[in-house]
Amino acid sequence: MAKIKCIVMDVDGVLTDGRLIMEEDGQEWKAFHSMDGLGITLAKSAGIRFAIITGRKSGIVSRRAKELGIDEVHQGIRDKFTVFTELVSRFGLSFDETCYIGDDLNDLMIMREAGFSCAPRNAAKWVKQEADYVTEKNGGEGAVREVIDLILSRQYDYEKLALHFLYEKVELKQ
């Protein structure tokens, strides 16, 4: 975890609880947890990059990713592994420097190659068996924040990182 420079995530079941709420007119609803958002912002302030690779397309995902300053968003992706490989190369990283958070079968190939793979507590059974870490929280209930806090606590004095983030008065050292 000390080497992680980029966290790549699925959306449905990871940043959300996985439910798809759709209206007849095509409007879609998703609920994101605010603690995940603050965690992403905190980790970005420490230099960690973020990307989303998801099989579905949603304007809501684009909007949330923009709010959080997520570096890359790839939606409607069937072959997530190819996109992941290209992203890692473009960021100038190795697989060992990446963390992937996924919850279902289409995430398994990436999870097997990422330096640190994580699954929310409510992920599919086979995904949890492959994960290096299974969160105590469900997807959409702060699971992403749990992973971020774990990684950041291995890379920094977490209290100093939080003070730096909040007040920018503490010098950070990895």
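**View 1. D10 sits in a buried spot.** With a relative accessible area of 5%, D10 counts as buried (under 20% relative accessible area, with exposed meaning over 50% and partly exposed in between; 1.4 Å probe, protein chains only). You'll find D10 in the loop between β1 (6-9) and β2 (21-22); strands (E, at least two residues) and helices (H or I, at least four) are DSSP runs, numbered from the N terminus. This is a predicted model, where local features need pLDDT of at least 70 and side-chain atom pairs count only at pLDDT 80 or more, while totals for chains, interfaces and linings use all residues. Residues are numbered from 1 along each chain as its sequence is written, and side-chain values use heavy atoms, with hydrogens and water left out.

**View 2. Who does D10 touch?** Leaving aside residues up to four places away in sequence, D10 is in contact (heavy atoms within 4.5 Å) with L15, I53, T54, K80, Y100, I101, G102, D103 and D107. The side chains of D10 and K80 also make a polar contact at 3.2 Å (a pair of N or O atoms within 3.5 Å; within protein, one able to donate a hydrogen and the other to accept it, with sequence-adjacent residues counting only if both atoms are side-chain atoms).

**View 3. Strand β7 and its neighbours.** β7 (residues 116-119) has F116 and C118 pointing one way and S117 and A119 the other, and all are buried. In a regular strand the side chains alternate between the two faces of the sheet. β6 (residues 98-101) runs parallel to β7, joined by three bridges (strands pair if DSSP finds at least two bridges between them), and C99 has F116 as its bridge partner. On the other pairing, two bridges join β7 to the parallel strand β8 (residues 133-134), where A119 stands opposite V134.
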